Amino acid sequence: GESQSRVLVSVKSDHKEALIKMAQNHQVPFYQIGKVSGTGLVMGDKIKVEVEELSRIYQEALPGRLNS
C-alpha cells in the first residue's frame, strides 16, 4: 500500500509562526527537525549538510532515477 507523504519546508525565521498556524488550521502535523544557518542545514547533533549539497541532490534525484 501507499504511505503518507512527507514534505520538508524551509522558511525564513520571521515566517515560521505563520507556517505553524497554517499547518494547524489545516490539521497538518508540523515538526521542526532542524535549522538552516549560514550555508548548511543542521538537524540536532547528527546531521550537518551544506545547502549546496542538498541542492545538488535535489536537482539530480529525478534524472538519476529516470536514467537508471
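How many salt bridges does the count come to?

Modeller: This is a predicted model, and in it the count comes to two salt bridges. Glu-53 forms one of them with Arg-56, with the closest N and O atoms 2.6 Å apart. Glu-60 forms a salt bridge with Arg-56 as well, and here the closest N and O atoms are 2.7 Å apart. Both distances fall under the rule because a salt bridge needs a side-chain nitrogen of Lys or Arg within 4 Å of a carboxyl oxygen of Asp or Glu.

Glu-53 and Arg-56 both lie in helix α2, three residues apart, about one turn of the helix. Glu-60 and Arg-56 are separated by about one helical turn because they are four residues apart in helix α2. As for solvent, Glu-53 counts as partly exposed because its relative accessibility is 32%. Arg-56, at 37%, is partly exposed too, and Glu-60 is partly exposed with a relative accessible area of 44%.

Now the surroundings of the helix. Three strands form an open antiparallel sheet in the order β1-β2-β3. Its edge strands, β1 (35–37) and β3 (47–50), each pair on one side only. The twist from one strand to the next averages 25°. Helix α2, residues 51–66, packs on this sheet and touches β1, β2 and β3, its direction making about 80° with that of β3.

Technical notes
Residues numbered from 1 in each chain as written. Predicted model: local features only at pLDDT ≥ 70, side-chain atom pairs only at ≥ 80, totals over all residues. Heavy atoms only, no water. Pairing = 2+ DSSP bridges. Helix = DSSP H or I, 4+ residues; strand = E, 2+ residues; numbered from the N terminus. Axes fitted to C-alpha atoms, helices over the stretch in contact; angles between N-to-C directions. Contact = heavy atoms within 4.5 Å. Buried < 20%, exposed > 50% of the residue type's maximum accessible area, 1.4 Å probe, protein only.
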